[in-house]
Amino acid sequence: MAQGADIDYESVSSYTVTVTVTDGLDALGNADSSADDSKQVNISVIDVDETEPVTPDVSEPEVEQQAEPEQQAEPEQQAEPEQQAESAVELEEPRPNAAPSLSAPAGLEVAENSPASTAVGDPVPATDPEGDTLTFALSGAAEFSIDPATGQITVAEGAALDHESASSYTVTVTVSDGLDAAGNADPSADDSAQIAIAVTDVDEPPARPGAPSLTQDSASPTTTLIAAWDAPSNAGGPAITGYDLRYRAKGAADWTDQPVSGTATTTAIGGLEPGTAYEAQVRATSDEGAGPWSEPGSGSTARPFGKTVYPFHEGGIAKAAAPTPTPAPAPTAAPAQSGLRVINPSDKNYRQGETIRSFNVIVFGGPTSVTLSGLPDGLSYASGAVSGTVASDAEVGDYSVTITASDADGVGATGEFTITVTEPGAGILQLRLFSVPVWQLSLVPASLLLLLLAYRRWRSRRAEATLGRAR
């Protein structure tokens, strides 16, 4: 034991030293001080009792008989702590060491999107004949880590497991007992195994879209609102396959479903009440389910314009009735078949030879064909609109027009509306302050009719005179 060494079992219970030997010569007999052989030796420190020395009680010295100093018994010498420890040092040879082994578990799996530290199966099993402390390590996939002491595989920090991107991983796990076969320190791996980890799929419905906007349709603002919205972010998820939309009048309890064609982010909601506020919600769908409903978006249909009617009666003009609003006929929805829905246009009135203002025919549900039958001569349907000029020899009367829409399976829906054709001179006689159907002139006394015509002529001359003075 080295001079001044402090051997303490409680601090260090064993040491490993390397002993070398040399004969001072090389193989040719020349002087050579390098080591010729070496050996690692384990030194165990044995624990011993370390009792405090006993201090004799000298408070009452004995006076009866005192021995001469040279005759007093020498006190028994106690070994110093260093001497005790030195006597307890034993040398032992390194013991042979058997390597540990591990088994590759089968069927390990973890759900996609699992957070960091999620355990993947049970700890990897490993055994060591001497029961040495084992150390585990993992390589091959940064998405996973292993506890070096227990062998438990977990999801690594920052990993983003996605079944659609990678459905499985293969990792390599190693184990070491820290010793070589001779029992010397050696941190290299003693055994390894490849382990497969499956990433299971979970339903990932689309995210929530923003609230849809509801704006009045320019062609029918009193009865139709156009809903529009932005597609939600869907990074890393299954593709969006469509949308669901529902609407209701504000304050109503029940929702009404509105078909949406494919992945379009806009649709027309028809058949609404004029001058009414509505709200709508939308959600995205995919092969893995429907996402959450959006916040409600709101909008209102337009109020209809009214007109004043002055009726004629036998014997003179009756007192004008108070102006009453006359709502435009609201389109009615034909019964839906196979998801199709036809919005019937309002009835029309045209004269022979009149070039009409084109109007749209709206069909929801993604029809593959739409046809119209029963149109007056000169009018035609194409690209979703009716246009043309009524033939000058078209038969006067009511035309019942039928709308037929069908889908890819040949199943469809129908609707209808009426077009009335009159002669060019028929219709309404426009006067300055009133409108009178021609057939009602027979009910007006001749004197009153002459008076009205004279009044109209006077107003016309007055306007001409005013215009002349302005020049």
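Is Val 17 buried, partly exposed or exposed in this predicted model?

View 1. Val 17 belongs to strand β1, which covers residues 14-21. With a relative accessibility of 31%, Val 17 counts as partly exposed, because that class lies between the buried limit of under 20% and the exposed limit of over 50%.

**View 2. The pairing of β7 with β10.** Strand β7 is joined by five bridges to strand β10, residues 168-176, and the two run antiparallel. Within this pairing, Ala 137 stands opposite Thr 174, a residue of β10.

**View 3. The open sheet β12-β13-β16.** Three strands in the order β12-β13-β16 form an open sheet, and the pairing here is antiparallel. Strands β12 and β16 stand at the edges with a single partner strand each, so one side of each is left without a neighbour in the sheet. Ignoring direction, neighbouring strands of this sheet are turned against each other by 25° on average.

**View 4. Strand β13 and its two partners.** On one side, β13 pairs with strand β12 (residues 213-216) in the antiparallel sense, over four bridges, and in this pairing Ile 226 of β13 is the bridge partner of Thr 215. Four bridges also join β13 to strand β16, residues 266-269, and these two strands likewise run antiparallel. Here Leu 225 stands opposite Ile 269, which lies in β16.

**View 5. The two faces of β13.** Strand β13, residues 225-228, has a covered face made by Leu 225 and Ala 227, whereas Ile 226 and Ala 228 are on the uncovered face. Leu 225, on the covered face, is the residue that stands opposite Ile 269 in β16, while Ile 226, on the uncovered face, is the bridge partner of Thr 215.

Notes
Residues are numbered from 1 along each chain as its sequence is written. This is a predicted model: local features need pLDDT of at least 70, side-chain atom pairs count only at pLDDT 80 or more; totals for chains, interfaces and linings use all residues. Side-chain values use heavy atoms; hydrogens and water are left out. Buried means under 20% relative accessible area, exposed over 50%, partly exposed in between (1.4 Å probe, protein chains only). Two strands pair if DSSP finds at least two bridges between them. Axes are lines fitted to C-alpha atoms, for helices over the stretch in contact, and angles run from 0 to 180 degrees between N-to-C directions.
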